[in-house]
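Here are my notes on the model, as numbered points. Please read them with the coordinates open.

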Amino acid sequence: MTTNKKSQPAAAADADSSDEFNELFEQADVDGDGWIRFIEFKAMMADLDANMKEASLRIGFQEIDLDHDGEINLDELRAWWRSN
Ligand SMILES: [Ca+2]
Ligand SMILES: [Ca+2]
């Protein structure tokens with residue numbers, strides 16, 4: 001184990017949530033191309049019972065899509081996931 005970076009007590013929980021996170025991403029990325037398009041994002045939110053309107057979904061998608069290329073990658077989703 002490498003513990004000489006920073007001593008963060010949340011390290012174990014972090015590993016757990018990232019596992020869970022990878023599962024979420026794989027589930028959301030229906031066609032498995034490594035990107036989440038808006039249509040996949042929409043299905044993911046429905047899956048999470050977010051019950052959001054199309055307009056709110058678009059705003060949410062744009063918030064997660066940090067570089068505004070129209071698709072969400074793993075890093076962008078992870079940043080969003082951690083902030084929630
Ligand atoms: Ca995809
Ligand atoms: Ca993006």
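1. Where does Leu 66 lie? Leu 66 sits in the loop between α3 and α4, helices here being DSSP runs of H or I of at least four residues, and strands runs of E of at least two, numbered from the N terminus. The model is a predicted one, in which local features need pLDDT of at least 70 and side-chain atom pairs count only at pLDDT 80 or more, while totals for chains, interfaces and linings use all residues. Residues are numbered from 1 along each chain as its sequence is written, and chains are lettered from A and ligands numbered from 1 in the order in which they are written.

2. On confidence: pLDDT is the predictor's confidence in each residue, from 0 to 100. The protein chain has an average pLDDT of 85, and 80% of the residues score at least 70. Confidence is highest in α3, at 95, and lowest in helix α1 (residues 11-28), at a mean of 74. Where pLDDT is low, the predicted coordinates should not be read in detail.

3. On the fold: the protein chain contains four helices and zero strands, in the order α-α-α-α along the sequence. Two residues are in contact if their C-beta atoms, placed from the backbone, lie within 7 Å. Of the contacts in the protein chain with a separation of 6 or more, 34% are between residues 24 or more positions apart.

4. On burial: a residue is buried if 20 or more other C-beta atoms lie within 10 Å of its own, exposed if 12 or fewer, and partly exposed in between, with C-beta atoms placed from the backbone. By that count, 7% of the 84 residues of the protein chain are buried.

5. Which residues make up the largest nonpolar core? It has five: Ile 36, Phe 41, Met 44, Ile 72 and Leu 77. A nonpolar core is a set of buried Ala, Val, Leu, Ile, Met, Phe, Trp, Tyr and Cys residues joined through C-beta atoms within 7 Å. Setting aside residues up to four places away in sequence, Phe 41 touches Ala 28, Ile 36, Leu 57, Phe 61 and Ile 72.

6. On the loop between α2 and α3: Met 52 lies here and is partly exposed, with 15 other C-beta atoms within 10 Å. Beyond residues up to four places away in sequence, Met 52 touches Met 45, Leu 57 and Gly 60. Met 52 and Lys 42 are ten residues apart along the chain, with 8.9 Å between their C-alpha atoms. Asn 51 belongs to this loop, between α2 (38-47) and α3 (54-64). Its phi is near 50 degrees, a positive value in a residue other than glycine. Asn 51 is exposed, because 8 other C-beta atoms lie within 10 Å.

7. On the loop between α3 and α4 (74-83): His 68 is placed here and has a positive phi of about 55 degrees, although it is not a glycine. Is His 68 buried or exposed? His 68 is exposed, since 7 other C-beta atoms lie within 10 Å. Leu 66 is partly exposed, with 13 such atoms within 10 Å. Apart from neighbours within four places in sequence, Leu 66 is in contact with Glu 76 and Ala 79. Leu 66 and Glu 76 are ten residues apart in sequence and 6.4 Å apart in space, C-alpha to C-alpha.
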